[in-house]
Amino acid sequence: MAFECVRTSPYNLKTDPKDVTLCLCCNTKLSLEEKPMRILADDECYSCRYQDRPFALGSVSAGPCTCEYKEVKGCHITCKKCISPRCIKCNRKFNCNNNCNKPCPDCINKEKFKKQWKQSTPAEKLKLYGVKKLRILAKRKKIKRIYSYKKQQLLEILLPLVVADDLPIKEK
Ligand SMILES: [Zn+2]
Ligand SMILES: [Zn+2]
Ligand SMILES: [Zn+2]
Ligand SMILES: [Zn+2]
């Protein structure tokens, strides 16, 4: 590419410098817009260099900005899909992070939970339930005075009793 300045949207878009036609993240056709861009002609000025320091220490004494800019041939590369991608599973919007071909973090976590659930023993599964569901199971197991127990106590009573058929615990 014979451009002196290339900007991308989203800013972290990964592109192949040898073939800027398809997005490396989602394989969508990229849109290229040639336009003049202003860039620093040289290093940033003395004052701007101090601006980067904590609390911009020293930038005031260094005086006003004297940075020089020049106009160059620029190119703006945009991936319309990666700017506001939707999850391939749940269709909700999420941030690209060069991961648009994978489901969103929420869907990945759900998938992980499902897998973990499948590999867990009934006792391990039981520990994932809240007190409401534990009471439902306790009732089924004919335990008396279920409302007098806290979650931890219910768990201790139920752990030796729970079998695979009890799970998942359904309301009715
Ligand atoms: Zn893309
Ligand atoms: Zn400056
Ligand atoms: Zn993407
Ligand atoms: Zn999703």
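Buried residues account for 9% of the 172 residues in the protein chain, in what is a predicted model. The chain holds six helices and three strands, and along the sequence these follow the pattern β-β-α-β-α-α-α-α-α. With a radius of gyration of 29 Å, well over the 16 Å that the globule rule gives for 172 residues, the chain is more spread out than a compact globule.

**Overall extent**
- Of the contacts between residues at least 6 apart in sequence, 57% join residues at least 24 apart.

**Nonpolar cores**
- The largest nonpolar core has seven residues, namely L13, C23, C25, L30, C79, C82 and C100.
- A second, separate core of six residues has L134, A138, L154 and L158 among its members.

- In helix 5, which runs over residues 131–140, the residues L134, L137 and A138 are buried, and because they cover an arc of only 105° around the axis, they lie on the same side of the helix.
- An α-helix has 3.6 residues a turn, so residues three or four places apart point the same way.
- K132, K139 and R140 are exposed on the other side of helix 5, whereas the buried residues of helix 5 pack against helix 6, residues 151–158.
- Just after helix 5, K142 takes a positive phi of about 60°.

Note on methods: Residues are numbered from 1 along each chain as its sequence is written. Chains are lettered from A and ligands numbered from 1 in the order in which they are written. This is a predicted model: local features need pLDDT of at least 70, side-chain atom pairs count only at pLDDT 80 or more; totals for chains, interfaces and linings use all residues. A residue is buried if 20 or more other C-beta atoms lie within 10 Å of its own, exposed if 12 or fewer, and partly exposed in between; C-beta atoms are placed from the backbone. Helices (H or I, at least four residues) and strands (E, at least two) are DSSP runs, numbered from the N terminus. The arc is that of the directions from the helix axis to the C-beta atoms. Two residues are in contact if their C-beta atoms, placed from the backbone, lie within 7 Å. A nonpolar core is a set of buried Ala, Val, Leu, Ile, Met, Phe, Trp, Tyr and Cys residues joined through C-beta atoms within 7 Å. The radius of gyration is taken over C-alpha atoms; the globule rule is 2.2 Å times the number of residues to the power 0.38.
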